[in-house]
Amino acid sequence: MVHVKEYYVATSLEDAHQRLKENPKNALLGGGTWMKYTHRILNQLIDLSKLGLSAIEEDEKQITIGALTTLRDMEVHQSIKALGDGFLSQALGSIMGVNFRHIATIGGSIFSKFSFSDILTPLLTLNVSVKLYPDEIKPLEAFLEDKGDRTKILTHLIIEKQEGHGYFKKVAQVINDFCVVNVAIFKEKETKIAVGGRPQRAKLTTEAIKLIKDSKTFDEVLFTKVAQQGVQELRFGEDDRGSESYRKLLAETYIARGLKEVYSKWWYPFI
Ligand SMILES: Cc1cc2nc3c(=O)[nH]c(=O)nc-3n(C[C@H](O)[C@H](O)[C@H](O)COP(=O)(O)OP(=O)(O)OC[C@H]3O[C@@H](n4cnc5c(N)ncnc54)[C@H](O)[C@@H]3O)c2cc1C
């Protein structure tokens, strides 16, 4: 369990940032669901709850989600549900139980860059940026590739409103477990495919989607080729949840099925 010497409620983002800089043993608190299981010995645990970071705001172009928004509030939000036939809501809803999701926050989930994350996988297939304090906005993909700076504060997640079709599949040994693998696909004008829990962190395919771009026919033969290419270009590994070959087989199967699903919705939107 985590040990905390002092609990501190930040009065501003600058206040929280200064405290993070002051001492490497000072850390931010999201929902605390992950933090509490760590063996960290902290000097100060910094609570951001008085800084107005738990709202979901939107305009016609984007949805802006405060870092302290709970996974449950995101999951049930109408505009999140509207994205990609609800694939992001489905991914959020696959994490533990409702009570847990009422506590865990999106800021803690994104900043931790968990390799088993069920949230990063669908988010990578959308146009998403993260807003960090001080003064930085960057695409989610670039943020995930960064080494990371523990003195930064994730303040908002910005999701562009897109009208395409989405697919999400999490394979787990038992309900509430971490994934063996997860797959997300989003098709608007272009198609994006991400695979997570390989057991490395979620990543987009690059070569596989070129096969779609270069193709004039979209059928099961193509989807199988794309799935095979996706598995070939991403790195898979082994842990106690599954072997490398099992993960590859799952990913290939669900990429092909997902493509079939999103393309059939694209062709027959009213079914
Ligand atoms: C038992 C269990 C099962 C889980 N299963 C799954 C699963 O199946 N799929 C899945 O995707 N996830 C799963 N998770 C992860 C879960 O979603 C995380 O606990 C959650 O993402 C962490 O969110 P939190 O708000 O509680 O963060 P916290 O535990 O409060 O913080 C986590 C880390 O993020 C930092 N942090 C928090 N907020 C910010 C911020 N705004 N800016 C910068 N840094 C910040 C903290 O300092 C800390 O280092 C599981 C977790 C647990 C404990």
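The side chains of E75 and R101 are joined by a polar contact of 2.7 Å, a polar contact being a pair of N or O atoms within 3.5 Å in which, within protein, one must be able to donate a hydrogen and the other to accept it, and residues adjacent in sequence count only if both atoms are side-chain atoms. The model is predicted, so to speak of local features requires pLDDT of at least 70 and side-chain atom pairs count only at pLDDT 80 or more, while totals for chains, interfaces and linings use all residues. Residues are numbered from 1 along each chain as its sequence is written, and side-chain values use heavy atoms, with hydrogens and water left out.

E75 belongs to helix 2 (residues 71-75); helices (H or I, at least four residues) and strands (E, at least two) are DSSP runs numbered from the N terminus. With a relative accessible area of 11%, E75 is buried (buried is under 20%, exposed over 50% and partly exposed in between, using a 1.4 Å probe and protein chains only). Beyond residues up to four places away in sequence, E75 touches K81, S89, L92, G93 and R101, where contact means heavy atoms within 4.5 Å.

One of these partners, K81, sits in helix 3 (residues 78-81) and is partly exposed, at a relative accessible area of 39%. Leaving aside neighbours within four places in sequence, K81 is in contact with E75, V76, G86 and S89. K81 and I158 are 77 residues apart in sequence, and their C-alpha atoms are 15 Å apart in space.

The largest pocket has a volume of about 940 Å³. Of its 42 lining residues, W34, G108, S109, S112 and F114 are the closest to its centre. (On a 1 Å grid over the protein atoms alone, a pocket is an open set of points where a 1.4 Å probe fits, with protein on both sides within 12 Å along at least five of seven lines; lining residues have an atom within 4 Å of a point. Grid points are joined across faces, edges and corners, and the volume is the space filled by probe spheres set on them.) Strand 2 (26-29), helix 6 (106-111) and strand 8 (153-160) each supply at least two lining residues.
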